[in-house]
Amino acid sequence: MEEKRKILFLEDEPTIREVLTEYMELSGYAVTGVDRGDEAMALLGREHFDLAVLDICVPGADGFAVLTYIREHCQNTATVMLTALEDEQSQIKAFNLYADDYCIKPVSPLILLKRMEAILRRTAQNNGEDVGKGLVLKKEAYCAYYDGEKLPLTVSEFLLLQKLYSEPGRVFTREQLILSIFNEDYIGNDRIIDAHVKNLRKKLPVSCIQTVIGVGYKCERNEDFLRPERGCVNTPLCTRPKKI
């Protein structure tokens, strides 16, 4: 029997915690619910969780503190922020701390489960195959590799990279990029894309994402870096200096 994925659910509102826990368990997850941030960090220090669903405004350490703890000590644990905070700064802070997703309450339990499913697909272990040279995007696993090394991208960063690389040279507006990542669920300022691009530029080994002032972003390719690999989306990167 396949082992259940372990979920840590930090939520201080009992009704929300009970309802969403039931949905998660019916979907086959093993869920541990807590209502305090310090309790969540204590659990994370004792056992492994595949994914943590974190409210932000909770007693003890807040959700941001727990997210920081996960990124420093539990790098194989994916994260979803589930909160009533819909302001832009809270969302940017979460993504700058490498949250994989940000959901605003109230949220449909079914939509939350789909987001969790997508994130857990990305964190699935690589089956050991040679992914080849150059930049390789594995759509089903939501993973990106460069010269065989896995890049530490969040789901949102992967989807952004995939969209830009799908049509090299095309300029995408921030609104178009938001739709490619969040569909129509996102509520907030389109400048969240700027934060994702900033993080992507830090994580990519070479520079290829260019800013088009007043419009958005595009990807530039250099054919010298084209290294096709069978069964993967393999795209060349350019070595031009980054544009600020």
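Which residues is Ser156 in contact with, leaving aside its neighbours within four places in sequence? The close-up views below, all drawn from a predicted model, begin with the surroundings of this residue.

View 1. Ser156 has its place in helix α6, which spans residues 155-166, and, once neighbours within four places in sequence are set aside, its contacts are Phe95, Asp100, Ile181, Phe182 and His196. The side chain of Ser156 reaches the backbone oxygen of Asp100 at 3.5 Å, while the C-alpha atoms of Ser156 and Ala99, which are 57 residues apart along the chain, are separated by 9.0 Å. Ser156 counts as buried because its relative accessible area is 3%, a value under the 20% limit.

**View 2. The aromatic pair of Phe95 and Tyr102.** A pair of aromatic rings is described by the distance of the centres and the angle of the planes. The structure holds 1 aromatic pair, formed by Phe95 and Tyr102, with 6.4 Å from centre to centre and 40° between the planes, so that the pair is classed as tilted. Both partners are buried: Phe95 has a relative accessibility of 1%, and Tyr102 has a relative accessible area of 5%.

**View 3. The open sheet with parallel pairing.** Five strands, in the order β2-β1-β3-β4-β5, make up an open sheet with parallel pairing. The edge strands, each of which pairs on one side only, are β2 (30-34) and β5 (101-104), and the twist from one strand to the next averages 20°. Within this sheet, strand β1 (residues 6-10) and strand β3 (residues 51-54) pair in the parallel sense over 4 bridges, with Ile7 standing opposite Leu51 in β3. Helix α2 (residues 37-46) packs on the sheet, where it touches β1 and β2, and the direction of helix α2 makes about 160° with that of β1. Lys6 lies over the face of Phe49, at 5.2 Å from the ring centre.

**View 4. Antiparallel pairing around strand β11.** Strands of a sheet pair through backbone hydrogen bonds, either parallel or antiparallel. Strand β11 (residues 216-219) pairs in the antiparallel sense with strand β9 (residues 172-173) over 2 bridges, and Phe172 stands opposite Tyr217 in β11. Strand β10 (residues 209-212) also runs antiparallel to β11, to which it is joined by 4 bridges; here the bridge partner of Gln210 in β11 is Lys218. The strands β10 and β11 form a hairpin with 3 residues between them, and Gly214 in the turn has a positive phi of about 85°.

**View 5. Backbone geometry in the loops on either side of β5.** Most residues other than glycine have a negative phi, and most peptide bonds are trans. Tyr98, which lies in the loop between α4 (88-96) and β5, has a positive phi near 70° although it is a residue other than glycine. Tyr98 counts as partly exposed because its relative accessibility is 30%, which falls between the limits of 20% and 50%. In the loop between β5 and α5 (109-122), where Pro106 is found, a cis peptide bond joins Lys105 and Pro106, with omega at about -5°.

Technical notes: Residues numbered from 1 in each chain as written. Predicted model: local features only at pLDDT ≥ 70, side-chain atom pairs only at ≥ 80, totals over all residues. Heavy atoms only, no water. Buried < 20%, exposed > 50% of the residue type's maximum accessible area, 1.4 Å probe, protein only. Contact = heavy atoms within 4.5 Å. Polar contact = N/O pair within 3.5 Å; in protein donor to acceptor, adjacent residues only side chain to side chain. Pairing = 2+ DSSP bridges. Axes fitted to C-alpha atoms, helices over the stretch in contact; angles between N-to-C directions. Phe/Tyr/Trp six-rings, centres within 6.5 Å; stacked < 30°, edge-to-face > 60°. Lys NZ or Arg CZ within 6 Å of the ring centre and 35° of its normal.
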